[in-house]
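User: I have a structure open on my screen and would like to go through it with you piece by piece. Could you take my questions as they come?

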Amino acid sequence: MREICYKCFRAKDNCFCKYIRPINSGIKFVFLMHTKEAKRQRTGTGRLASLSLVDSEIIVGIDFSQNERIKELLADERYYPMVLYPDENAWSAKKEGFKETLKGKTPLVFVLDATWFCAKKLIQKNEWIIKLPKLSFSGSYTSIFTFKKEPSAECVSTIESCYYLIKEMQEAALSPEEDISSLMSVFKAMIRFQLEMENARIEGRIPNTHAKDFRYTKKKEVPSYLFDTDSGNVPSASKSPASAEKSALIEKSDQL
């Protein structure tokens with residue numbers, strides 16, 4: 001029987017923890033994880049992000065309206081609560097007046113970690129979420145998640161959302177100047193592992209493990225930048241302002 005790492009919940013022989021570094025972002029991240037994601041995804045990008053971000057939390061459920069921990073956080077005067085969500089009126093680190101709105105409080109950022117379908121269900125069940133001030137990016141970014149097909153080029157995973165949010169907060173002097181490249185390092189390691197395992201299945205070196213594996217018969221290229229896990233460097237991001245509002249800040253299951 002294979003030994004399990006009880007930190008990242010992967011087998012120790014392919015554990016991602018060696019890429020994880022503690023990051024003090026100055027932001028309190030709370031990942032609201034749908035129960036289906038918690039059950040199906042032992043190492044989704046939301047979980048990997050939480051392992052990296054100091055003082056972050058994962059709360060699993062569907063209806064959080066009576067969750068005592070969330071009530072406690074919302075009532076804590078140290079925090080300014082927001083939800084990471086694309087909206088034309090959303091705050092961003094570079095938006096005029098944002099720093100003054102925080103009034104020196106620590107940003108408390110709720111992140112919906114679910115499929116698009118399940119994220120809509122979370123919003124339906126938790127009206128308080130959408131009533132919170134919204135937080136988004138001022139820039140537009142392209143995901144490096146090549147393992148799965150994205151609905152659009154602007155869709156980014158949960159861990160990328162956290163990375164780009166912190167990066168913009170740092171540029172606006174609203175987050176400590178700290179190396180956050182390990183967020184992308186562990187993400188790259190996860191993508192590389194998934195691509196290599198799929199190619200191994202296609203080549204017959206390991207058995208199929210899922211009912212739909214037979215559909216995938218063409219090997220996928222493993223991009224060279226996925227081996228650069230010593231830095232957070234990623235391919236150049238799109239700079240189209242028009243696509244910024246469409247940045248997908250809610251995790252999808254085909255991105256996990």
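Predicted model: local features only at pLDDT ≥ 70, side-chain atom pairs only at ≥ 80, totals over all residues.

User: Where is Ala173 placed?
Analyst: Ala173 sits in the loop between α7 and α8. Its phi is near 60°, which is a positive value in a residue other than glycine. As background, most residues other than glycine have a negative phi.

User: What is the phi of Lys103, and where does that residue lie?
Analyst: Lys103 is not a glycine either, yet it has a positive phi of about 55°, and its place is in the loop between α4, residues 98-102, and β4. Lys103 counts as exposed because its relative accessibility is 71%.

User: Changing topic to the sheet, what is the strand order?
Analyst: The sheet is open and has five strands in the order β2-β1-β4-β3-β5, with parallel pairing. The edge strands, each pairing on one side only, are β2 at residues 57-61 and β5 at residues 134-135. In general, strands of a sheet pair through backbone hydrogen bonds, either parallel or antiparallel.

User: How many bridges does β1 make with β4, and how many with β2?
Analyst: Strand β1, residues 28-34, pairs with strand β4, residues 106-113, in the parallel sense over six bridges, and Val30 stands opposite Phe110 in β4. With β2, the parallel pairing of β1 runs over five bridges, and there Met33 has Val60 as its bridge partner.

User: How many residues of β1 are buried, and which ones are on each side?
Analyst: Seven of the seven residues of β1 are buried, so the strand is mostly covered. Both faces are covered, with Lys28, Val30, Leu32 and His34 buried on one side and Phe29, Phe31 and Met33 buried on the other.

User: What is Val60 in contact with, away from its sequence neighbours?
Analyst: Leaving aside neighbours within four places in sequence, Val60 is in contact with Met33, Thr35 and Ala38. The C-alpha atoms of Val60 and Leu32 are separated by 6.0 Å, although these two residues are 28 residues apart along the chain.

User: On to helices: how do α2 and α7 pack?
Analyst: Helix α2, residues 45-52, and helix α7, residues 158-171, pack at an angle of about 40° with their axes 7 Å apart, which means that α2 is oblique to α7. Thr45, Gly46, Leu48 and Ala49 of α2 make the contact with Thr158, Ile159 and Cys162 of α7. By class, this contact of α2 with α7 has four nonpolar, three polar and no charged residues.

User: At what angle do α7 and α8 cross, and which residues make that contact?
Analyst: The axes of α7 and helix α8, residues 181-202, cross at roughly 160° and come within 9 Å, which means that α7 is roughly antiparallel to α8. The crossing of α7 and α8 is left-handed. The contact is made by Ile159, Glu160, Tyr163 and Ile166 of α7, together with Ser181, Leu183, Met184, Val186 and Phe187 of α8. Sorted by class, the contact of α7 with α8 has seven nonpolar residues, one polar and one charged.

Technical notes
Residues numbered from 1 in each chain as written. Heavy atoms only, no water. Pairing = 2+ DSSP bridges. Helix = DSSP H or I, 4+ residues; strand = E, 2+ residues; numbered from the N terminus. Axes fitted to C-alpha atoms, helices over the stretch in contact; angles between N-to-C directions. Parallel < 35°, antiparallel > 145°, perpendicular 65-115°, else oblique. Contact = heavy atoms within 4.5 Å. Nonpolar A, V, L, I, M, F, W, Y, C, P; charged D, E, K, R; others polar. Left-handed = near helix turned anticlockwise from the far one by under 90°. Buried < 20%, exposed > 50% of the residue type's maximum accessible area, 1.4 Å probe, protein only.
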